[in-house]
Amino acid sequence: MSSEAWLIRKAKKGDTKAYGELIQLHKDYFYRNAFCYVKNVDLAGDVFQEAVTIGMLSIKDLKNPNYFRTWMTRIIYNCANEMFRKAEKEIGSLDAEIRASREEIIDLHNAVESLEEPYRTIIKQKYFEDKKISEIAAYTGRAEGTVKSDLSRAKRKLKLILEEG
């Protein structure tokens, strides 16, 4: 019996040290395979690490010890594919969020543009330019109290516009 077959037999019985030695024997081969699938050094390391963990947890299910390398290569392939599926799902949901945010921003800008003066100017200065009430009052030539009440009315009108549609 070869030393590799002996290590596989021990690993199948739960010997983690034997499993670690097996991985060390084929480490370069496994890592190169991971890299071939993902084409990125960091991701290849992640795929390799995940495959080693899955292999350790499921080596007892390895039917033919002669195919250990093939079996681990298949695990690496599956880990790489799972990583791609997760990334696509995350990108898809992020894209949907960005699209929704863009639409909301466009809706908000359109609603602001539909306000009559001086409400439009007050909203733009307060929320888009981040100006204080005193600065808006100076710019518009109105009293601060008037700017505050106009701002309140503008927000109510804006809320109605956005709720309608």
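Entry 1, cysteines. I looked up Cys 36 and found it partly exposed, because its relative accessible area is 47% (buried is under 20%, exposed over 50%, partly exposed in between, with a 1.4 Å probe and protein chains only). Cys 79 is buried, at 10% relative accessible area. I then searched for disulfides, defined as a pair of cysteine sulfur atoms within 2.5 Å, and the count came to zero. Cys 36 is in no disulfide, its nearest cysteine sulfur being that of Cys 79 at 16 Å.

Note on the source. The model is predicted, so I kept in mind that local features need pLDDT of at least 70 and side-chain atom pairs pLDDT 80 or more, while totals for chains, interfaces and linings use all residues. Residues are numbered from 1 along each chain as its sequence is written, and side-chain values use heavy atoms, with hydrogens and water left out.

I counted four aromatic pairs, taking rings of Phe, Tyr and Trp (its six-membered ring) with centres within 6.5 Å; planes under 30 degrees apart are stacked, over 60 edge-to-face and the rest tilted. One of them joins Phe 30 and Phe 68, whose centres are 6.1 Å apart with planes at 70 degrees, so I logged it as edge-to-face. Phe 30 lies in helix α2 (residues 16-38) and Phe 68 in helix α4, 38 residues apart; helices are DSSP runs (H or I, at least four residues), numbered from the N terminus. Phe 30 is buried at 0% relative accessibility, and Phe 68 is buried at 1%.

I also logged Tyr 37 with Tyr 77: the centres are 5.2 Å apart and the planes at 65 degrees, so this pair is edge-to-face. Tyr 37 is in helix α2 and Tyr 77 in helix α4, so the pair ties together parts 40 residues apart in sequence. Tyr 37 is partly exposed at 31%, and Tyr 77 is partly exposed at 29%.

Which residues form one aromatic cluster? I found Tyr 29, Phe 30, Phe 68 and Trp 71. The charged end of Arg 69 sits over the ring of Tyr 29, 3.6 Å from its centre; the rule is NZ of Lys or CZ of Arg within 6 Å of the ring centre and within 35 degrees of the ring normal. Lys 131 has its charged end over the ring of Tyr 139, 5.4 Å from the centre.

I placed Leu 108 in helix α4 (residues 68-114). Leu 108 is partly exposed, with 30% relative accessible area.

Definitions and conventions
Helix = DSSP H or I, 4+ residues; strand = E, 2+ residues; numbered from the N terminus.
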